[in-house]
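Subject: Handover of a structure model

Dear colleague,

Please find below the structure that I am passing on to you.

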Amino acid sequence: MVDEPSTDAPSTPGTVRPGGRTARVRTAVLRAAEDALVEHGFGGLDLGELAQRAEVGRTTVYRRWGSTTALVADLLADMAEQSLPRTRSGSLSEDLRANARLVRRTLADPRQGALFRAVLVAANGDPGTAEALRHFYRRRVEEWAPCVTEAVERGELPADTDPFEVIRAVSAPLYYRMLTTAEPLDEAAADRAAAAAEAAARAGAYRRQAG
């Protein structure tokens, strides 16, 4: 493997969508990182080995990412970029159900579920990974929060409902089920999570606290 000359300016991982050879290198290395995380967890990540897996020069990988934490941050940024956009059904029930089913499909997928478990474990002991994970979920919650805002505007929910809290409440039971039980994560579980979050929101459980 030989490094090709690069005119790319240094950049923070995940802040730009590069093109050409840079895009191909990024895709190859991120896919290799996914494979390694699924197979060995965060502790098994090694930039040199990932370069070999991706058939990319080691110098290219070290120059672009510099550390496994930066690589995981870029992987999460890529996952956020590739995530499906929220639905716009005009119904709070349908939107929350769609959100819950999307989360369920991701977590129940053999590859994606294993990848998320590895990143969650890593985030418990690595501050950089934890921050990258928080950024990933902040982006996903921001994507779906407007469905709650629109429901407030239609008068379906209390005016001071916190949209972020409602969206977090949809996915929280699904992550808990994945991490703590061996029970299947099926659509019925997703629908229950969405219905519970909606009922709590309608009852005022997610109203912003004064002061």
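N99 has a relative accessible area of 5% and is therefore buried (buried means under 20% relative accessible area, exposed over 50% and partly exposed in between, with a 1.4 Å probe and protein chains only). This residue belongs to helix α5; helices (H or I, at least four residues) and strands (E, at least two) are DSSP runs, numbered from the N terminus. Leaving aside residues up to four places away in sequence, N99 touches W144, I167 and V170, where contact means heavy atoms within 4.5 Å.

Please note that this is a predicted model, in which local features need pLDDT of at least 70 and side-chain atom pairs count only at pLDDT 80 or more, while totals for chains, interfaces and linings use all residues. Residues are numbered from 1 along each chain as its sequence is written, and side-chain values use heavy atoms, with hydrogens and water left out.

Overall architecture

The protein chain holds 9 helices and 0 strands, and its pattern along the sequence reads α-α-α-α-α-α-α-α-α. Its C-alpha trace spans about 60 × 40 × 35 Å along the principal axes. The chain has 211 residues, of which 43% count as buried. Of the contacts between residues at least 6 apart in sequence, 68% join residues at least 24 apart.

The axes of α4 (residues 68-82) and α7 (127-153) come within 9 Å and cross at roughly 10°. Axes here are lines fitted to C-alpha atoms, for helices over the stretch in contact, and angles run from 0 to 180 degrees between N-to-C directions. The two helices α4 and α7 are therefore roughly parallel to each other; angles under 35 degrees count as roughly parallel, over 145 as roughly antiparallel, 65 to 115 as roughly perpendicular and the rest as oblique. On the α4 side, the contact is made by T69, V72, A73, L76, A77, M79, A80 and E81, and on the α7 side by G128, T129, A132, L133, F136, R139 and R140. These residues divide into 9 nonpolar, 3 polar and 3 charged, with Ala, Val, Leu, Ile, Met, Phe, Trp, Tyr, Cys and Pro counted as nonpolar, Asp, Glu, Lys and Arg as charged, and the others, Gly among them, as polar.

For α5 and α6, the axes come within 5 Å and cross at roughly 85°, so these two helices are roughly perpendicular to each other. Here α5 contributes T106, L107 and A108, and α6 contributes P110, Q112, G113 and F116. The residues of this contact comprise 4 nonpolar, 3 polar and no charged.

M79, one of the α4 residues in the contact with α7, has a relative accessibility of 9% and so counts as buried. Not counting residues up to four places away in sequence, M79 touches Q112, L115, F116 and F136. The C-alpha atoms of M79 and L115 are separated by 11 Å, and the two residues are 36 apart along the chain.

The largest pocket

The largest pocket has a volume of about 690 Å³. On a 1 Å grid over the protein atoms alone, a pocket is an open set of points where a 1.4 Å probe fits, with protein on both sides within 12 Å along at least five of seven lines, and lining residues have an atom within 4 Å of a point. Grid points are joined across faces, edges and corners, and the volume is the space filled by probe spheres set on the points. The lining has 29 residues, and those nearest the pocket centre are S83, F116, F136, R140 and Y175. Two or more lining residues come from each of α1 (20-40), α4, α5 (92-108), α6 (110-123), α7 and α8 (163-180). Helix α7 gives the most, with 7 residues. By type, the lining divides into 14 nonpolar, 6 polar and 9 charged residues.

Two further residues

A32 is placed in helix α1 and is buried, at a relative accessible area of 6%. Beyond residues up to four places away in sequence, A32 touches L50, R53 and A54.

E55 lies in the loop between α2 (47-54) and α3 (58-64). With 66% relative accessibility, E55 counts as exposed. Most residues other than glycine have a negative phi. E55 is not a glycine, yet has a positive phi of about 55°.

With kind regards
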